[in-house]
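Please work through the following exercises with the structure displayed. Each task is followed by a solution in steps.

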Amino acid sequence: MQINRVLLTAIGCVLLAMVTIQSGASLAKQLFPIVGPEGTTALRLGFAAAILWLVFRPWRTLPHGSDWRSIVIYGLCLGGMNILFYLAIERIPLGIAVALEFTGPLAVALFSSKQKSDLVWVACAIAGIVLLMPDLTSTEGLDLAGALMALGAGGCWAGYILFGTRSGKQVSGGVTVALGMTVAAIMLFPVGVVTQGLALFSWEVLPLGLLVGVLSSALPYSLEMVALRNMPTQAFSVLMSLEPAIAALAGLAILSEHLSLLQWAAIALVIVASIGSSFTPKKAVDMSV
């Protein structure tokens, strides 16, 4: 009975983490008219880095010498993932952006396996991407630049996983995330200041920026750490596969973004591909954000 209770708590943590991440993304999108994607990214990364430094106190176990290289690349991938994703959801619905971005960790999982059965999941993922890509002959279709930026965010997510895993072997996971978030903030906070100016520091914006940082980074990361300690990695990966659907539901509930049946079917294909790949034995990688 105790084991079931622990497992249910872990499942609840994963689901709550996904809900907070997508709620944070929905709130971030509402900030775009005020400070744009660049300013919103700067606020998210800046506040998240500050919170993670307070929580994990990375100054106690800083990496040495060549270990910094993986940390810096990890942070650059994290920053690229954030800015490209926010630029994407400025142009396309949240659920579609997350589904396209999800191809990054899905590709890492599939490439780490040599099972022929994974070709089925590759086909599902490709079919989902093709269905989500815009019809260039239509003037009312999905924005091509937004779709490509979401795929670019997925590429950065793949780099985030690979270099995060490498960095995590050198220093603890919490310290890695705190330092990576700091690198990302150093890279992109000046961009937000230059493009948005003093609007970034208004009392109308700062509390919302703090809330985005908490919902999108600090809180879900903590929840995922609790979940990973109390459930199998495979079960964690399967649950995380539901994130595109949760993003689409958050977009519908908070942003009134309505998707077509074809777009829902495409998202479902990406989810099926992700769940299927989770059941194939492969080298373990951390696919959390």
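**Exercise 1. Determine the hand in which α4 passes α11, and describe the contact between them.**

Step 1. The crossing of α4 over α11 is left-handed, a term used if the near helix is turned anticlockwise from the far one by less than a right angle, with right-handed used if clockwise. The model is predicted: local features need pLDDT of at least 70 and side-chain atom pairs pLDDT 80 or more, while totals for chains, interfaces and linings use all residues. Residues are numbered from 1 along each chain as its sequence is written, and side-chain values use heavy atoms, with hydrogens and water left out.

Step 2. The two axes come within 10 Å and cross at roughly 35°. Axes are lines fitted to C-alpha atoms, for helices over the stretch in contact, and angles run from 0 to 180 degrees between N-to-C directions. Helices are DSSP runs (H or I, at least four residues) numbered from the N terminus.

Step 3. From α4, L106, A109 and L110 meet V270, A273, S274 and S277 of α11, where contact means heavy atoms within 4.5 Å. This contact has five nonpolar, two polar and no charged residues. Here Ala, Val, Leu, Ile, Met, Phe, Trp, Tyr, Cys and Pro count as nonpolar, Asp, Glu, Lys and Arg as charged, and the others, Gly among them, as polar.

**Exercise 2. Classify the ring pairs of Y74 with Y160 and of F102 with W157.**

Step 1. The whole structure holds six aromatic pairs. Rings of Phe, Tyr and Trp (its six-membered ring) pair if their centres lie within 6.5 Å; planes under 30 degrees apart count as stacked, over 60 as edge-to-face and the rest as tilted.

Step 2. The ring centres of Y74 and Y160 are 5.0 Å apart and the planes lie at 25°, so this pair is stacked. Y74 in α2 (residues 67-89) and Y160 in α6 (residues 144-168) are 86 residues apart in the chain.

Step 3. Y74 is buried at 2% relative accessible area, and Y160 is buried at 6%. Buried means under 20%, exposed over 50% and partly exposed in between (1.4 Å probe, protein chains only).

Step 4. F102 and W157 form an edge-to-face pair, at 5.4 Å centre to centre and 85° between the planes. Both F102 and W157 are buried.

**Exercise 3. Which phi values do R57 and S256 have, and how accessible are R57 and S256?**

Step 1. Most residues other than glycine have a negative phi. R57, however, has a positive phi of about 45°, and S256 has a positive phi of about 55°.

Step 2. R57 is in the loop between α1 (2-56) and α2 and is partly exposed, at 38% relative accessibility. S256 is in the loop between α10 (243-255) and α11 and is exposed, at 52%.

Notes:
Helix = DSSP H or I, 4+ residues; strand = E, 2+ residues; numbered from the N terminus.
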